[in-house]
Amino acid sequence: MGRRLWLVLWAVFVLLGHLLFDANTLYQQALSQQSGAYALSERRLTGRVVLVVLDSWALRTLADDRLMPKLYARQKGGASGVLWAPRQTGTIQGILTLGTGMAPSGLAAIGLMSSARFEGWTIFDDVAARGENVSFHGGPAWLPLFGDRGKGHFRETGHGPNFRDEDVEGLAHSRQALLSGRPPTLSVVHITETDVAAHQYGTERPEYAAVLKFWDDALDDYLQQVLKPGTTVIITADHGNDVNGSHGGSEPIYRKVPVVFLGQGIDRDNHIEMNAADMPATISVLLGIRAPGAVVAMPAVHALQLTMVERGRVALISYAHSLLNRAALKERPDLLARV
(Lines give C-alpha, C1' and ligand atoms only; values in the text may rest on other atoms or scores of the structure.)
Protein backbone atom coordinates (compact mmCIF):
# COMPACT_ATOMS: atom_id res chain seq x y z
CA MET A 1 0.00 0.00 0.00
CA GLY A 2 2.83 2.39 0.84
CA ARG A 3 4.58 1.76 -2.48
CA ARG A 4 1.33 2.26 -4.43
CA LEU A 5 0.68 5.57 -2.68
CA TRP A 6 4.23 6.68 -3.41
CA LEU A 7 3.79 5.84 -7.11
CA VAL A 8 0.51 7.78 -7.27
CA LEU A 9 2.08 10.83 -5.61
CA TRP A 10 5.06 10.63 -7.96
CA ALA A 11 2.74 10.47 -10.99
CA VAL A 12 0.84 13.54 -9.75
CA PHE A 13 4.13 15.39 -9.18
CA VAL A 14 5.34 14.58 -12.71
CA LEU A 15 2.00 15.63 -14.21
CA LEU A 16 2.03 18.96 -12.36
CA GLY A 17 5.62 19.49 -13.43
CA HIS A 18 4.71 19.00 -17.07
CA LEU A 19 1.73 21.34 -16.76
CA LEU A 20 3.88 24.04 -15.19
CA PHE A 21 6.54 23.63 -17.89
CA ASP A 22 3.92 23.80 -20.66
CA ALA A 23 2.32 26.88 -19.07
CA ASN A 24 5.63 28.67 -18.85
CA THR A 25 6.53 27.71 -22.45
CA LEU A 26 3.21 29.01 -23.80
CA TYR A 27 3.55 32.18 -21.73
CA GLN A 28 7.05 32.92 -23.04
CA GLN A 29 5.89 32.24 -26.62
CA ALA A 30 3.06 34.70 -26.13
CA LEU A 31 5.55 37.33 -24.95
CA SER A 32 7.64 36.91 -28.10
CA GLN A 33 4.57 37.59 -30.27
CA GLN A 34 3.68 40.90 -28.65
CA SER A 35 3.61 44.11 -30.67
CA GLY A 36 6.68 46.30 -30.57
CA ALA A 37 7.53 49.27 -28.40
CA TYR A 38 6.71 52.80 -29.52
CA ALA A 39 7.88 56.37 -28.83
CA LEU A 40 5.73 58.60 -26.64
CA SER A 41 7.70 61.81 -26.21
CA GLU A 42 10.16 63.84 -28.25
CA ARG A 43 12.25 65.02 -25.31
CA ARG A 44 13.81 63.65 -22.16
CA LEU A 45 12.66 65.16 -18.87
CA THR A 46 15.30 63.78 -16.48
CA GLY A 47 18.71 62.16 -16.39
CA ARG A 48 17.76 59.21 -14.23
CA VAL A 49 14.77 57.60 -12.51
CA VAL A 50 14.76 55.68 -9.22
CA LEU A 51 11.72 53.53 -8.49
CA VAL A 52 11.41 52.79 -4.76
CA VAL A 53 8.97 49.98 -3.92
CA LEU A 54 7.80 49.56 -0.33
CA ASP A 55 6.44 46.02 -0.14
CA SER A 56 2.84 45.87 1.15
CA TRP A 57 2.34 49.61 1.71
CA ALA A 58 -1.30 50.65 1.92
CA LEU A 59 -2.71 54.04 0.94
CA ARG A 60 -4.09 54.68 4.45
CA THR A 61 -0.51 54.53 5.77
CA LEU A 62 0.56 57.73 4.03
CA ALA A 63 -2.79 59.42 4.60
CA ASP A 64 -1.98 59.52 8.35
CA ASP A 65 0.74 62.14 8.90
CA ARG A 66 1.67 60.57 12.24
CA LEU A 67 2.95 57.30 10.73
CA MET A 68 5.41 58.64 8.13
CA PRO A 69 5.56 62.39 8.78
CA LYS A 70 8.65 63.14 6.67
CA LEU A 71 7.39 61.41 3.54
CA TYR A 72 3.94 62.89 4.16
CA ALA A 73 5.48 66.38 4.14
CA ARG A 74 7.57 65.67 1.02
CA GLN A 75 4.42 65.01 -1.02
CA LYS A 76 3.81 68.76 -1.20
CA GLY A 77 7.00 69.22 -3.20
CA GLY A 78 5.96 66.89 -6.00
CA ALA A 79 3.04 64.90 -7.35
CA SER A 80 1.23 62.27 -5.32
CA GLY A 81 -1.93 60.26 -5.16
CA VAL A 82 -3.23 56.73 -5.68
CA LEU A 83 -1.76 53.81 -7.60
CA TRP A 84 -3.96 50.77 -8.18
CA ALA A 85 -2.04 47.51 -7.87
CA PRO A 86 -3.01 44.59 -10.16
CA ARG A 87 -6.03 42.53 -9.15
CA GLN A 88 -3.84 39.66 -7.98
CA THR A 89 -2.26 41.44 -5.03
CA GLY A 90 0.98 39.53 -4.57
CA THR A 91 4.59 40.64 -4.76
CA ILE A 92 5.48 38.86 -8.00
CA GLN A 93 2.35 40.21 -9.69
CA GLY A 94 3.08 43.72 -8.45
CA ILE A 95 6.70 43.61 -9.56
CA LEU A 96 5.87 42.30 -13.01
CA THR A 97 3.20 44.96 -13.57
CA LEU A 98 5.35 47.85 -12.33
CA GLY A 99 8.28 46.62 -14.43
CA THR A 100 6.53 45.70 -17.67
CA GLY A 101 2.96 47.03 -17.59
CA MET A 102 1.61 43.48 -17.88
CA ALA A 103 -0.74 42.38 -15.11
CA PRO A 104 -0.27 38.60 -14.79
CA SER A 105 -3.27 36.38 -14.36
CA GLY A 106 -4.12 32.80 -15.18
CA LEU A 107 -1.44 31.34 -17.46
CA ALA A 108 0.92 34.25 -16.83
CA ALA A 109 0.78 33.77 -13.07
CA ILE A 110 1.54 30.06 -13.42
CA GLY A 111 4.40 30.75 -15.80
CA LEU A 112 6.05 33.17 -13.39
CA MET A 113 5.86 31.10 -10.21
CA SER A 114 9.62 30.53 -10.40
CA SER A 115 10.46 34.19 -11.11
CA ALA A 116 12.19 33.11 -14.32
CA ARG A 117 13.67 35.65 -16.71
CA PHE A 118 11.05 37.84 -18.36
CA GLU A 119 11.51 37.16 -22.07
CA GLY A 120 9.46 40.02 -23.44
CA TRP A 121 10.64 43.54 -24.23
CA THR A 122 10.86 45.97 -21.31
CA ILE A 123 11.83 49.59 -20.80
CA PHE A 124 15.00 48.20 -19.17
CA ASP A 125 16.00 46.89 -22.61
CA ASP A 126 15.73 50.36 -24.16
CA VAL A 127 17.93 51.89 -21.46
CA ALA A 128 20.56 49.19 -21.99
CA ALA A 129 20.37 49.56 -25.80
CA ARG A 130 21.14 53.27 -25.36
CA GLY A 131 24.40 52.33 -23.60
CA GLU A 132 23.14 53.39 -20.17
CA ASN A 133 22.89 51.26 -17.03
CA VAL A 134 20.00 49.63 -15.16
CA SER A 135 20.39 48.38 -11.58
CA PHE A 136 18.25 46.61 -8.98
CA HIS A 137 18.69 46.79 -5.21
CA GLY A 138 16.83 44.81 -2.56
CA GLY A 139 13.88 42.42 -3.00
CA PRO A 140 14.97 39.09 -4.50
CA ALA A 141 12.50 38.83 -7.41
CA TRP A 142 13.73 41.71 -9.61
CA LEU A 143 17.07 40.19 -10.56
CA PRO A 144 15.86 36.84 -11.93
CA LEU A 145 13.22 38.66 -13.97
CA PHE A 146 15.22 41.59 -15.33
CA GLY A 147 18.76 41.51 -13.93
CA ASP A 148 20.55 40.61 -17.17
CA ARG A 149 19.54 44.02 -18.58
CA GLY A 150 21.98 45.81 -16.26
CA LYS A 151 24.79 45.54 -13.73
CA GLY A 152 25.85 46.63 -10.26
CA HIS A 153 22.92 44.96 -8.51
CA PHE A 154 22.35 44.05 -4.87
CA ARG A 155 19.97 41.17 -4.23
CA GLU A 156 18.52 40.21 -0.88
CA THR A 157 18.38 36.54 0.08
CA GLY A 158 14.64 36.85 0.70
CA HIS A 159 14.59 34.80 3.88
CA GLY A 160 15.92 34.81 7.42
CA PRO A 161 15.44 37.22 10.31
CA ASN A 162 17.56 40.08 8.99
CA PHE A 163 15.22 41.69 6.48
CA ARG A 164 16.00 45.16 7.81
CA ASP A 165 19.76 44.63 7.60
CA GLU A 166 19.50 43.57 3.96
CA ASP A 167 17.05 46.37 3.13
CA VAL A 168 19.39 48.93 4.68
CA GLU A 169 22.30 47.45 2.75
CA GLY A 170 20.30 47.60 -0.48
CA LEU A 171 19.38 51.24 0.11
CA ALA A 172 23.03 52.08 0.83
CA HIS A 173 24.09 50.21 -2.31
CA SER A 174 21.64 52.27 -4.37
CA ARG A 175 22.84 55.51 -2.78
CA GLN A 176 26.45 54.69 -3.58
CA ALA A 177 25.59 53.93 -7.21
CA LEU A 178 23.59 57.14 -7.64
CA LEU A 179 26.36 59.28 -6.16
CA SER A 180 29.07 57.62 -8.27
CA GLY A 181 30.61 59.07 -11.41
CA ARG A 182 28.37 56.90 -13.59
CA PRO A 183 24.97 56.62 -11.88
CA PRO A 184 22.39 54.20 -13.33
CA THR A 185 19.81 55.75 -15.61
CA LEU A 186 17.05 53.52 -14.26
CA SER A 187 17.23 51.76 -10.90
CA VAL A 188 14.84 49.99 -8.55
CA VAL A 189 15.00 49.77 -4.76
CA HIS A 190 12.70 47.19 -3.17
CA ILE A 191 12.22 47.26 0.62
CA THR A 192 10.92 43.98 2.07
CA GLU A 193 10.64 44.61 5.82
CA THR A 194 7.37 46.54 5.50
CA ASP A 195 5.67 43.38 4.19
CA VAL A 196 7.24 41.15 6.84
CA ALA A 197 6.15 43.51 9.63
CA ALA A 198 2.59 43.73 8.31
CA HIS A 199 2.26 39.95 8.29
CA GLN A 200 3.89 39.61 11.70
CA TYR A 201 2.11 42.37 13.62
CA GLY A 202 -0.85 43.51 11.55
CA THR A 203 -1.01 47.22 10.72
CA GLU A 204 -2.49 48.66 13.93
CA ARG A 205 0.09 47.67 16.51
CA PRO A 206 2.94 49.92 17.72
CA GLU A 207 5.54 47.45 16.42
CA TYR A 208 4.33 48.04 12.87
CA ALA A 209 4.26 51.80 13.39
CA ALA A 210 7.88 51.61 14.56
CA VAL A 211 8.88 49.88 11.32
CA LEU A 212 7.17 52.59 9.26
CA LYS A 213 8.88 55.29 11.33
CA PHE A 214 12.26 53.66 10.73
CA TRP A 215 11.76 53.64 6.96
CA ASP A 216 10.33 57.17 6.98
CA ASP A 217 13.60 58.36 8.53
CA ALA A 218 15.77 56.13 6.31
CA LEU A 219 14.06 57.21 3.09
CA ASP A 220 14.17 60.87 4.04
CA ASP A 221 17.91 60.61 4.61
CA TYR A 222 18.26 58.76 1.29
CA LEU A 223 16.27 61.43 -0.56
CA GLN A 224 18.30 64.24 0.97
CA GLN A 225 21.41 62.71 -0.57
CA VAL A 226 20.26 61.41 -3.96
CA LEU A 227 17.50 63.84 -4.94
CA LYS A 228 19.74 66.19 -6.92
CA PRO A 229 19.15 68.01 -10.23
CA GLY A 230 18.76 65.45 -12.97
CA THR A 231 17.29 62.79 -10.67
CA THR A 232 13.66 61.70 -10.31
CA VAL A 233 12.44 59.42 -7.52
CA ILE A 234 9.11 57.57 -7.61
CA ILE A 235 7.95 55.89 -4.39
CA THR A 236 5.10 53.37 -4.47
CA ALA A 237 4.19 49.75 -3.57
CA ASP A 238 3.61 46.38 -5.19
CA HIS A 239 0.32 45.94 -3.27
CA GLY A 240 -1.47 47.04 -0.11
CA ASN A 241 -2.91 45.12 2.84
CA ASP A 242 -5.76 44.92 5.31
CA VAL A 243 -5.53 45.68 9.04
CA ASN A 244 -4.27 42.14 9.67
CA GLY A 245 -1.41 42.65 7.21
CA SER A 246 -2.90 40.17 4.75
CA HIS A 247 -3.25 40.62 1.00
CA GLY A 248 -4.12 38.62 -2.10
CA GLY A 249 -7.67 39.82 -2.68
CA SER A 250 -8.84 42.22 -5.39
CA GLU A 251 -10.75 44.62 -3.12
CA PRO A 252 -9.64 48.29 -2.97
CA ILE A 253 -8.07 47.87 0.49
CA TYR A 254 -5.51 45.54 -1.09
CA ARG A 255 -5.07 47.41 -4.36
CA LYS A 256 -4.95 51.12 -3.37
CA VAL A 257 -1.37 52.14 -2.58
CA PRO A 258 0.42 55.50 -2.43
CA VAL A 259 2.49 56.91 -5.27
CA VAL A 260 4.82 59.89 -4.80
CA PHE A 261 6.80 61.59 -7.60
CA LEU A 262 9.72 63.82 -6.61
CA GLY A 263 12.54 65.66 -8.35
CA GLN A 264 13.47 66.51 -11.92
CA GLY A 265 10.67 66.69 -14.47
CA ILE A 266 7.87 66.45 -11.87
CA ASP A 267 4.98 68.89 -11.61
CA ARG A 268 3.12 69.65 -8.39
CA ASP A 269 -0.17 67.77 -8.25
CA ASN A 270 -1.72 65.94 -5.32
CA HIS A 271 -4.55 64.33 -7.27
CA ILE A 272 -2.72 61.65 -9.26
CA GLU A 273 -4.61 58.42 -9.91
CA MET A 274 -2.95 55.73 -11.99
CA ASN A 275 -2.60 51.99 -12.39
CA ALA A 276 0.54 49.95 -11.79
CA ALA A 277 0.39 49.09 -15.50
CA ASP A 278 0.90 52.81 -16.26
CA MET A 279 4.31 52.92 -14.56
CA PRO A 280 6.57 51.77 -17.45
CA ALA A 281 4.92 54.22 -19.86
CA THR A 282 5.30 57.04 -17.31
CA ILE A 283 8.99 56.25 -16.85
CA SER A 284 9.42 56.08 -20.62
CA VAL A 285 8.21 59.68 -20.95
CA LEU A 286 10.58 60.82 -18.19
CA LEU A 287 13.61 59.14 -19.81
CA GLY A 288 12.70 59.66 -23.46
CA ILE A 289 12.62 55.94 -24.21
CA ARG A 290 9.96 53.76 -25.83
CA ALA A 291 6.87 52.41 -24.08
CA PRO A 292 5.65 48.80 -24.26
CA GLY A 293 3.15 48.65 -27.12
CA ALA A 294 1.27 45.53 -26.00
CA VAL A 295 0.15 47.09 -22.73
CA VAL A 296 -3.12 48.87 -21.96
CA ALA A 297 -1.75 51.90 -20.11
CA MET A 298 -1.89 55.67 -19.86
CA PRO A 299 1.18 57.61 -18.59
CA ALA A 300 0.58 59.79 -15.53
CA VAL A 301 1.03 62.95 -17.60
CA HIS A 302 -0.34 65.26 -14.90
CA ALA A 303 2.59 64.31 -12.67
CA LEU A 304 5.10 65.41 -15.32
CA GLN A 305 6.41 68.83 -16.38
CA LEU A 306 4.88 68.78 -19.85
CA THR A 307 3.10 71.52 -21.73
CA MET A 308 -0.62 71.07 -22.36
CA VAL A 309 0.18 70.27 -25.98
CA GLU A 310 2.75 67.66 -24.95
CA ARG A 311 0.34 66.10 -22.47
CA GLY A 312 -2.33 65.84 -25.12
CA ARG A 313 0.07 64.36 -27.63
CA VAL A 314 1.34 61.71 -25.18
CA ALA A 315 -2.23 60.82 -24.18
CA LEU A 316 -3.40 60.47 -27.78
CA ILE A 317 -0.40 58.36 -28.82
CA SER A 318 -0.94 56.09 -25.82
CA TYR A 319 -4.61 55.86 -26.63
CA ALA A 320 -3.99 54.94 -30.26
CA HIS A 321 -1.31 52.33 -29.54
CA SER A 322 -2.71 50.78 -26.40
CA LEU A 323 -6.47 51.02 -26.78
CA LEU A 324 -8.06 51.60 -30.16
CA ASN A 325 -6.73 48.43 -31.73
CA ARG A 326 -7.20 46.21 -28.67
CA ALA A 327 -10.15 44.21 -27.44
CA ALA A 328 -8.97 45.03 -23.91
CA LEU A 329 -10.51 48.50 -24.31
CA LYS A 330 -13.74 47.19 -22.79
CA GLU A 331 -11.76 46.30 -19.63
CA ARG A 332 -10.54 49.89 -19.12
CA PRO A 333 -13.43 52.31 -19.82
CA ASP A 334 -11.82 54.68 -17.32
CA LEU A 335 -9.01 55.32 -19.82
CA LEU A 336 -11.48 56.25 -22.55
CA ALA A 337 -13.13 58.74 -20.19
CA ARG A 338 -9.77 60.25 -19.16
CA VAL A 339 -8.61 60.70 -22.76
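Predicted model: local features only at pLDDT ≥ 70, side-chain atom pairs only at ≥ 80, totals over all residues.
The secondary structure of the chain comprises 14 helices and 10 strands. Of the 339 residues in the chain, 52% count as buried, and the accessible surface amounts to about 15300 Å², with 56% of that area belonging to carbon and sulfur atoms. When contacts between residues at least 6 apart in sequence are considered, 74% of them join residues that are at least 24 apart.

Helix α4 spans residues 91-100, and because eight of its 10 residues are buried, the helix is largely enclosed by the rest of the structure. The buried residues of α4 are Gln93, Gly94, Ile95, Leu96, Thr97, Leu98, Gly99 and Thr100. Just after this helix comes Gly101, whose phi is positive, at about 90 degrees.

A pair of packed helices can be described by the distance between their axes together with the angle between those axes. For helix α9 (residues 193-201) and helix α10 (residues 206-226), the axes come within 9 Å and cross at roughly 170 degrees. Since an angle over 145 degrees counts as roughly antiparallel, α9 is roughly antiparallel to α10. On the side of α9, the contact is made by Glu193, Thr194, Ala197, Ala198 and Tyr201, while α10 contributes Glu207, Tyr208, Val211, Leu212 and Trp215. By type, the residues of this contact divide into seven nonpolar, one polar and two charged.

Arg255 lies in helix α11, which covers residues 252-255. With a relative accessible area of 10%, Arg255 falls under the 20% limit and is therefore buried. A polar atom of the Arg255 side chain lies 2.7 Å from the backbone oxygen of Ala85.

Phe154 is found in strand β5, which consists of residues 154-155. The relative accessible area of Phe154 is 14%, which is under the 20% limit, so this residue is likewise buried. If residues up to four places away in sequence are not counted, Phe154 touches Phe136, His137, Gly138, Glu166, Glu169, Gly170 and His173. Phe154 and Ser174, which are 20 residues apart in sequence, are separated in space by 8.3 Å from C-alpha to C-alpha.

Key:
Residues numbered from 1 in each chain as written. Heavy atoms only, no water. Buried < 20%, exposed > 50% of the residue type's maximum accessible area, 1.4 Å probe, protein only. Helix = DSSP H or I, 4+ residues; strand = E, 2+ residues; numbered from the N terminus. Axes fitted to C-alpha atoms, helices over the stretch in contact; angles between N-to-C directions. Parallel < 35°, antiparallel > 145°, perpendicular 65-115°, else oblique. Contact = heavy atoms within 4.5 Å. Nonpolar A, V, L, I, M, F, W, Y, C, P; charged D, E, K, R; others polar. Areas by Shrake-Rupley, 256 points an atom, 1.4 Å probe, with all protein chains shown as cover. Polar contact = N/O pair within 3.5 Å; in protein donor to acceptor, adjacent residues only side chain to side chain.
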